[in-house]
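Reader: I am new to reading structures like this one. Could you take me through some features, one at a time?

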2 protein chains.
Amino acid sequence: MELTERKKQVLRSVVDLYIRTAEPVGSKAITELPDMKYSSATIRNEMAELTAMGYLEQPHTSAGRIPSAAGYRLYVDELMADYRLSMDETKSINTAIEEKMQQVDKMVEKVAKLVSQATDLPAISVAARSGGATAKRFDLILAGQGSVILVIMLSDNQVVNKLINLPVQVTDSDLKILSALLNATMTDLSQEEFSQDLLDRVMGSAGAAACLVPVIMEFTGETLSRQASTNMAVAGQMRLLGQPEYRDVDKAQRLMSSLDEDALANLPAVMQNANGTKVLVGPEHVAQELKDTSVVMTKFDIGDGLQGMIGVVGPTRMDYAKVTARLSYFAESLSKMFAKPEQPQLPTGQEEAKEE
Amino acid sequence: MELTERKKQVLRSVVDLYIRTAEPVGSKAITELPDMKYSSATIRNEMAELTAMGYLEQPHTSAGRIPSAAGYRLYVDELMADYRLSMDETKSINTAIEEKMQQVDKMVEKVAKLVSQATDLPAISVAARSGGATAKRFDLILAGQGSVILVIMLSDNQVVNKLINLPVQVTDSDLKILSALLNATMTDLSQEEFSQDLLDRVMGSAGAAACLVPVIMEFTGETLSRQASTNMAVAGQMRLLGQPEYRDVDKAQRLMSSLDEDALANLPAVMQNANGTKVLVGPEHVAQELKDTSVVMTKFDIGDGLQGMIGVVGPTRMDYAKVTARLSYFAESLSKMFAKPEQPQLPTGQEEAKEE
DNA sequence: CTTAGCACTCAGAGAAAAAGAGTGCTAACA
DNA sequence: TGTTAGCACTCTTTTTCTCTGAGTGCTAAG
């Protein structure tokens with residue numbers, strides 16, 4: 001059987017309507033659409049054939065049709081109309097990004113939150129390093145009696161810090177000496193280069209605060225390897241409840257619990273060598289738990305060897321056109337923001353102050 | 001009418017059962033409890049009187065009784081049995097705290113997450129400063145061409161950082177000079193002391209990187225005032241769905257949306273001058289939206305003038321004994337952890353590395 | 001190839017009936 | 001005087017049944 005132009009038009013109409021109403025679509029509803037010049041009988045025939053071809057399904061005999069996974073696939077790949085973002089939409093996305101991206105290390109959480117807001121669906125955001133990070137700078141700060149704060153700045157401009165409690169007293173100048181030493185010897189090293197040998201070498205010249213060195217080295221090593229894997233956040237799970245397919249609390253709950261965890265860990269892998277925006281429809285999923293939801297995701301560039309990914313999860317019946325458009329725009333804006341380090345990302349810094 | 005010992009016993013039984021089953025409790029069910037030596041008829045009489053006294057209510061004539069707000073109140077204040085935490089529970093709380101509290105500045109989020117996990121209810125965690133914070137140390141780090149990372153360490157050991165993009169080029173030594181200046185002039189100042197005057201003064205001696213000063217000052221001021229107000233996180237909203245009273249998605253959604261926002265902002269105020277663990281039952285609430293949920297909350301000490309608060313939100317029918325016990329223990333452990341700066345919070349630092 | 005017409009199917013709404021849980025009251029009992 | 005057995009009554013919940021209407025597939029005519 002052939003997929004004629006008219007069949008495509010019918011399929012598109014069914015998907016469009018179903019996305020809007022969440023109810024099975026009957027031949028009559030299609031007839032009433034503008035641009036549809038055929039009678040319900042004709043549409044019925046077409047629909048019957050589309051069903052036979054696997055693009056539509058029927059919940060039961062006397063119901064209308066709903067798109068099958070294959071139907072959505074076709075819709076996403078060929079049929080759906082481009083969704084043009086309105087000025088308002090682009091503007092609100094830009095403002096959000098500008099206002100929220102202040103603290104570098106909370107980036108992932110904030111992006112997830114923003115994307116979720118923009119799409120009204122649960123969102124996930126991941127930052128992963130392709131190469132390995134290195135430490136760019138160490139600072140040691142005395143914090144009260146006997147505890148020290150270690151601040152490490154990574155090559156990707158993330159800042160991590162750790163409170164270390166000491167068994168012995170150290171002075172401010174001890175720390176100055178040690179941090180100079182750390183900066184001299186331990187910066188720009190990849191995780192693999194943190195060897196026993198290095199530890200011995202640093203310990204040798206560490207002076208009074210030597211007891212800190214093993215802790216610092218271990219933490220640094222850990223940090224570098226952790227960052228190397230992934231760093232991800234999920235936001236807006238509750239938004240699923242807004243979708244009629246999740247009126248059933250059990251269903252919603254089942255999905256939600258998987259939204260927190262490993263199921264999502266696989267997603268970045270899917271994006272690995274893909275480019276642009278990718279849509280995973282229902283059963284095409286890697287993760288079992290997500291097999292009746294769809295995922296839209298896209299990559300963006302953070303610079304300094306960091307890869308970002310944002311995505312949203314929703315019912316298969318989600319508004320792919322809108323979601324894809326917003327997500328792509330988001331990715332674009334984020335890439336742009338990270339891409340121009342010479343150029344202030346905010347006009348010139350008057351708005352810097354606004355936070356949260 | 002008098003609240004006899006037997007009436008109390010009946011009331012306690014009703015609340016206990018209702019907490020466990022979420023179903024109205026009938027006289028028969030009470031009879032079947034061990035330690036209940038009266039017939040259902042007697043219990044019925046008692047229940048009728050408890051209802052008249054306002055401690056119980058009847059959803060409809062032919063249903064059992066459920067506790068009224070007053071009933072819960074009495075239960076919480078006098079009736080409920082102490083819940084003894086098992087070794088497992090205390091251990092898992094301690095391990096969680098030890099493992100997760102590495103990054104000082106992500107404390108609030110992590111505590112919220114942990115508390116929610118421990119109670120299986122949505123949790124909120126707040127850190128608020130009684131006095132004002134001050135900056136303890138400034139660092140400026142050159143990050144690629146034309147952008148600088150500002151790291152501020154606050155008097156409460158929190159570390160905040162901000163990426164600043166520059167309209168002009170600065171060198172590493174410019175930054176050294178400027179940060180020395182900042183550390184000399186801007187540390188230990190409360191928010192109010194950040195005046196135009198100070199700005200002028202610092203600008204005057206700032207040298208090459210002077211253009212950074214306004215941005216830094218503004219950010220610092222903002223940070224101090226923001227930290228001074230509150231810093232809060234909510235976690236585990238979805239856990240509400242596990243409660244039978246929220247099988248109704250609309251209801252759940254309504255509550256959830258208020259869980260994110262202002263409704264909670266009032267809670268810390270309630271704790272202001274209270275001590276220990278506090279229970280707010282349903283209609284006793286400040287926040288309209290929460291009027292048919294209960295909140296259990298408790299304070300803990302972060303040290304350095306910081307006050308912490310943790311709390312959970314749940315149906316009025318929550319297991320107060322268990323929740324209160326866990327929450328109190330949590331608060332205690334956290335206080336302990338923050339209270340001993342001379343003493344390593346982890347044995348001696350071998351485990352420091354574990355993160356996430 | 002398209003369309004009008006029609007018999008047929010089946011989910012969902014509603015009404016009616018049946019079941020069951022729990023009560024309040026009375027009267028007997030210790 | 002406090003306790004309990006017994007019973008009629010109330011009202012929710014569950015089940016069963018009927019009915020309605022949307023939507024279909026097929027046939028035959030345009």
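Reader: Which element supplies the largest share of the surface near DNA strand C?
Author: Start by asking which elements the nearby residues belong to. This is a predicted model. Here, helix 3 of chain A gives the largest share of the surface near DNA strand C, with four residues. Helix 3 of chain A and helix 3 of chain B each supply at least two residues there.

Reader: Which residues come nearest to DNA strand C?
Author: Among the 21 residues around DNA strand C, the nearest are Arg6(A), Thr42(A), Thr61(A), Ser27(B) and Arg65(B). Next, look at the DNA side. Of the atoms of DNA strand C within 4 Å of the protein, 77% belong to sugar and phosphate.

Reader: How do the residues near DNA strand C divide by class?
Author: That surface has four nonpolar, 12 polar and five charged residues.

Reader: Which helix gives the largest share of the surface near DNA strand D?
Author: Helix 3 of chain B does, with four residues. By class, the surface near DNA strand D holds four nonpolar, 12 polar and five charged residues.

Reader: And the single contacts there?
Author: A polar side-chain atom of Arg44(A) is 3.2 Å from a base nitrogen of DNA strand D. A polar backbone atom of Ala63(A) lies 3.5 Å from a sugar or linking oxygen. Arg6(B) has a polar side-chain atom 2.8 Å from a phosphate oxygen of DNA strand D.

Reader: Let us move to a sheet. In what order do its strands lie?
Author: Read a sheet by strand order, then by direction. In chain A, an open sheet of three strands has the order 4-5-6, with antiparallel pairing.

Reader: Why is one side of strand 4 and of strand 6 left without a neighbour in the sheet?
Author: Strand 4 (135–142) and strand 6 (159–165) of chain A stand at the edges with a single partner strand each, so one side of each has no neighbour in the sheet. From one strand to the next, the twist averages 20°.

Reader: How many bridges join strand 4 to strand 5 of chain A?
Author: Seven, and the two strands run antiparallel. Arg137(A) stands opposite Met153(A) in strand 5. Strand 5 (residues 147–154) also pairs with strand 6 over seven bridges, in the antiparallel sense. There, Val151(A) faces Asn161(A), and Ser147(A) stands opposite Asn165(A).

Reader: Is strand 5 of chain A covered on one face or both?
Author: In a regular strand, side chains alternate between the two faces of the sheet. Check each face in turn. Ser147(A), Ile149(A), Val151(A) and Met153(A) are buried on one side. Val148(A), Leu150(A), Ile152(A) and Leu154(A) are buried on the other, so both faces are covered.

Reader: Which helix lies across strand 4 and strand 5 of chain A?
Author: Helix 7 (residues 172–185) of chain A does, at about 175° to strand 4.

Reader: Which residues of helix 4 of chain A are buried?
Author: In an α-helix, residues three or four places apart point the same way. In helix 4 (residues 69–79), the buried residues are Gly71(A), Tyr72(A), Leu74(A), Tyr75(A), Val76(A) and Leu79(A). Their cover includes helix 1 (5–21), strand 2 (66–67), strand 8 (277–280) and helix 13 (320–339) of chain A.

Terms used. Residues are numbered from 1 along each chain as its sequence is written. Chains are lettered from A and ligands numbered from 1 in the order in which they are written. This is a predicted model: local features need pLDDT of at least 70, side-chain atom pairs count only at pLDDT 80 or more; totals for chains, interfaces and linings use all residues. Side-chain values use heavy atoms; hydrogens and water are left out. Two strands pair if DSSP finds at least two bridges between them. Axes are lines fitted to C-alpha atoms, for helices over the stretch in contact, and angles run from 0 to 180 degrees between N-to-C directions. Contact means heavy atoms within 4.5 Å. Buried means under 20% relative accessible area, exposed over 50%, partly exposed in between (1.4 Å probe, protein chains only). A polar contact is a pair of N or O atoms within 3.5 Å; within protein, one must be able to donate a hydrogen and the other to accept it, and residues adjacent in sequence count only if both atoms are side-chain atoms. Ala, Val, Leu, Ile, Met, Phe, Trp, Tyr, Cys and Pro count as nonpolar, Asp, Glu, Lys and Arg as charged, and the others, Gly among them, as polar. A residue is near a molecule or strand if one of its heavy atoms lies within 4 Å of it.
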